Every structure is written in structure tokens, then in C-alpha cells.
Amino acid sequence: MTDVASTCDPGVSRLIGWFRTDGADFPWRRTRDRYAVLVAEVQLQSTQVGRVVPYFEAWMTRWPTACDLAAASLGEVLAAWQGLGYPRRARNLHLAARRICDVGWPGAADLTDLPGVGPYTAAAIRCFADGAPVLPEDTNVARVLARRFPDGWPGTPQGLGWEVGQAFMDLGREWCTARAPRCDDGCPLRAGCPAASAGAVLERTPPRRRQSRFDGSMRQRRGVLLRELTAHGSVVADRDAAAAASLVADGLARVDGAVLVLPEHP
DNA sequence: ATCCGGACTA
DNA sequence: TAGTCAGGAT
């Protein structure tokens, strides 16, 4: 492992030496459990680590395996998801668990066949669970790569999968931040960094798209309705017909007469 | 190109 | 109060 690290880009080798190895904030990244990584990374996409960890631990206690989750009802899953943001992700996770329990995991190259699993989550599973030399590119990592390796990332050395992924993510969060990167405050990738040498923050890697305000939004209205629905099992549909229709369209609710109820198992 | 949930922060 | 945030589906 040390041998491999010493043969890759010196900056990366320094980075690996620098990153925190406790892993306390990311228990799932040491489990080598694909299901655990899937659950946690999807949860993380909706909120931040500090808030996710308790949810994750409760989730894994309640549904330790994909088949345990598959056996749950969508209503239970949505109720447990309360506070984690987009309920779509919970539904996709539930669907994915059913498929995994039923027919097993897709091939390593086809993880994105699972509902709600895109390039990032697939890479995270390969990296953190499988230990594959794959770098999960979230927006933070993409920013680090764009600044430090504008001509392309040379690739993760074999045998250093999760260490490199964790290191890049930590670096993106703590040093190579979007607005005020701490280049000269001990960044392990400082040497040879074109962005730091240019003395500029550079443009943000993906041009940010503004999001419509939350107050009064359909997101908020859906949230109100779904909270009621998961808490009581039903809610009067015409209380907010548009939001109700939106939930139904997403498979998160079903109309039963005048009330909105949880959908049947698909 | 837009939508999606809600907590955090300036 | 207003802006920011992130991956995936459509």
C-alpha cells in the first residue's frame, strides 16, 4: 500500500498521508457492505453528514440488509425518511432494495441500472464497498480535480480505492472550497496546483443554476402533504389537489376516493 | 434545462 | 431575509 502510494502523483500520495483515517463520521465507508454504502450515500445526497449519521444507524438497525428493506412497506420507509429530504430517493432506495433482494446486484459496470443510482452513487459503491480504484466525483471532488488536474485525473492507483475517495472528499470540503480555498494553509495538493498558482479562485466548476425559492413551492406543499400522509396513513386529497397529483405522479401516494393514501406495493 | 426538501448560513 | 446546497430523473 505504501509502495503503491509512493508511485502515484506526489501530491496525491501526500494527500493520502494527510487525510483523517479515523473514519468516525463515515462508518459505512469501512463496512465493505454495498447496501450500507448505497443507503448512506443516498441519504447524504439529501442532507449533511452530521445529520445523516443518526438516521443511517437507525436505518441499518431496522433494515440491516437489502432484503429487510425490501420486506418493508413504502409507508414505513417514507416515515423513516422524514427529515432526509426528497422522498423520491427513499422510494428509489426501496425499489432498488427489492431488485437487489430479488435478483441480486447488477454487474459492477451496471450499478446505474438501479433506480436512483447515477454515476456518483455507482462510483461510491465501487470505491467504498468494493475497494475498486474508482473516484466518486461529487461536486466537491469535481472542483478539486478541475483545479488541480485540469488536464485530467491520472487515475486512482490500484489498492487505494477508498482512501483516495475519502481523501478527495475531505479535501474538497475542508480545503479546496468553492469560494475561499485555503491553498496556502496546508493544502496537500498545493504544490503544482495550477489554480493556486494562478492566485485566483477560478470559476466554479459547474456553473451554478439558481433554484426557485422554497416558500410556497411545490416542494414545500408536497412535503406538508406527505408528512401528514406518513403520520396518519391518509390525508384529504383536495386539501392541495396539485400537490396530491404531484405525489401520485411520483408513486409516493395513491388516490382512494377523496383521500390520499400510501401506494400499494408496485 | 427543471424539478425535487428543507436545513444551514451570511 | 435571502441565498446556498447536490445527485438523479425527466
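Domain bounds here come from an automatic or database domain assignment. On that basis, chain A is divided into domain 1 (4-21 + 134-197), domain 2 (33-129) and domain 3 (218-261). The model is predicted.

**Domain layout**
- Domain 1 is written as two segments, 4-21 and 134-197.
- Between the C-alpha centres of domain 1 and domain 3 there are 44 Å.

**Around DNA strand B**
- Of the atoms of DNA strand B that come within 4 Å of the protein, 52% belong to sugar and phosphate.
- The surface near DNA strand B consists of six charged, five polar and four nonpolar residues.
- Helix H7 (87-103) and helix H12 (218-232) each contribute at least two residues to this surface, and H12 gives the most, with five.
- Tyr86 has a polar side-chain atom 2.7 Å from a base oxygen of DNA strand B.

**Around DNA strand C**
- Sugar or phosphate makes up 67% of the atoms of DNA strand C within 4 Å of the protein, and bases make up the rest.
- By class, five nonpolar, six polar and five charged residues form the surface near DNA strand C.
- H7 and helix H8 (119-129) each supply at least two residues here, with the largest share, three residues, coming from H8.
- A polar side-chain atom of Tyr86 is 2.4 Å from a base nitrogen of DNA strand C.
- The phosphates of DNA strand C are approached by a polar backbone atom of Gly118, 3.0 Å from a phosphate oxygen, and by a side-chain N or O atom of Thr121, at 2.7 Å from a phosphate oxygen.

**Packing of H12 on H13**
- H12 makes the contact through Met218, Arg221, Arg222, Leu225 and Leu226, and H13 through Ala242, Ala243, Ala244, Ser246 and Leu247.
- Seven nonpolar, one polar and two charged residues make up this contact.

How values were computed. Residues are numbered from 1 along each chain as its sequence is written. Chains are lettered from A and ligands numbered from 1 in the order in which they are written. This is a predicted model: local features need pLDDT of at least 70, side-chain atom pairs count only at pLDDT 80 or more; totals for chains, interfaces and linings use all residues. Side-chain values use heavy atoms; hydrogens and water are left out. A residue is near a molecule or strand if one of its heavy atoms lies within 4 Å of it. A polar contact is a pair of N or O atoms within 3.5 Å; within protein, one must be able to donate a hydrogen and the other to accept it, and residues adjacent in sequence count only if both atoms are side-chain atoms. Helices (H or I, at least four residues) and strands (E, at least two) are DSSP runs, numbered from the N terminus. Ala, Val, Leu, Ile, Met, Phe, Trp, Tyr, Cys and Pro count as nonpolar, Asp, Glu, Lys and Arg as charged, and the others, Gly among them, as polar. Contact means heavy atoms within 4.5 Å.
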